[in-house]
Amino acid sequence: MLTAKQDNRLTAAENVSAALAEAAPTYTADKALQKVRTDLDALLAALKPLRQQGLRTASQGASKTKSQRRHLLATAAAEVAGDVYSYATDQQNRTLQTSADYNYSTLFKLRPTALADLAQHIYDEATTHKTALADYGLTPARLTELQTALTSFNGGKNDPRQQISEGKAARLAIKAQFAQLATLLEDRLERSLRKYARSAPAFYQRIQAARIVVDRPGSHKSSEETPEQPG
């Protein structure tokens, strides 16, 4: 995923590539410039697919998935806890009653570790008394649902941290590629172009114009007023 600034730089690089391709006969004897074009196209091939991911913005996808897992676990645990509580009340088992005295709202608000531990406790108690709890509507399918929700929740607890780590690594890799792109356009291309300023000025000016990065909305805020366009 690209930042707006990176997207603009990529557009400029694409413009340069197109200009070089159209003016190829101008530098057929220039090995250095041909190599610049080849390397530029290789970098573009690696970077252009990133556009499919859109511009980088604050995403709540991971949080939404985490919230969904929490909801499913809290729902399944609360429903099973209700059966255990009813059974414990009938049996006048105060200890079991207290251990199952949790509703959805209370469970959902718990810290991840506390929620997982309590859901596991409810599952264990329900499994221990599953024969008696069959009369209270506790079926093997509902126990399996709770176990599945618990497994999913435990497996996803570290997802945000992992996603942050993977995202950081991806951004560093993209940053390195754009550093290569900058070196190619601002160093190698510039040196190869210098001689064309006199020998092929139209070609030189066209490539220089293609290199200009046009800021589009989202790249940065400017304190300067936009000059009025003529005519």
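Predicted model: local features only at pLDDT ≥ 70, side-chain atom pairs only at ≥ 80, totals over all residues.
Of its 231 residues, 32% count as buried. The chain exposes about 14,500 Å², and carbon and sulfur atoms supply 52% of that area. Among contacts with a separation of 6 or more, 78% involve residues 24 or more positions apart.

Helix α2 is a handy one to look at in detail. It spans residues 31–47, and its 17 residues reach 24 Å from the first C-alpha to the last, close to the 24 Å expected at 1.5 Å a residue. Its buried residues are Leu-33, Val-36, Asp-39, Leu-40, Leu-43, Leu-44 and Leu-47. They cover an arc of only 140 degrees around the axis, which puts them on the same side of α2. At the start of α2, a side-chain oxygen of Asp-30 comes to within 3.2 Å of the backbone nitrogen of Ala-32.

On to the charged pairs: the whole structure holds seven salt bridges. One of them joins Arg-206 and Glu-22, at 2.7 Å from N to O. Arg-206 sits in helix α11 (residues 201–210) and Glu-22 in helix α1 (residues 4–22), so this pair ties together parts that are 184 residues apart in sequence. Arg-206 is partly exposed at 40% relative accessibility, while Glu-22 counts as exposed at 57%.

Asp-39, listed above with the buried residues of α2, pairs with Arg-188, the closest N and O atoms being 2.8 Å apart. Here too distant parts of the chain are linked, with Arg-188 in helix α9 (residues 159–193) and Asp-39 in α2, 149 residues apart. Arg-188 itself is partly exposed, at 31%. A further bridge, between Asp-187 and Arg-191, comes in at 1.9 Å from N to O. Both of these residues lie in α9, four residues apart, or about one turn of the helix. Shared partners also join Lys-35, Asp-39 and Arg-188 into one salt-bridge network.

Lastly, Ser-99 belongs to helix α4 (residues 94–99). It counts as buried because its relative accessibility is 14%, under the 20% cut-off. The side chain of Ser-99 reaches the backbone oxygen of Leu-96 at 2.8 Å. Leaving aside residues up to four places away in sequence, Ser-99 touches Leu-118, His-121 and Glu-125.

Key:
Residues numbered from 1 in each chain as written. Heavy atoms only, no water. Helix = DSSP H or I, 4+ residues; strand = E, 2+ residues; numbered from the N terminus. Buried < 20%, exposed > 50% of the residue type's maximum accessible area, 1.4 Å probe, protein only. Polar contact = N/O pair within 3.5 Å; in protein donor to acceptor, adjacent residues only side chain to side chain. Contact = heavy atoms within 4.5 Å. Areas by Shrake-Rupley, 256 points an atom, 1.4 Å probe, with all protein chains shown as cover. Expected span 1.5 Å × (residues − 1). Arc of directions from axis to C-beta. Salt bridge = Lys/Arg side-chain N within 4 Å of Asp/Glu carboxyl O.
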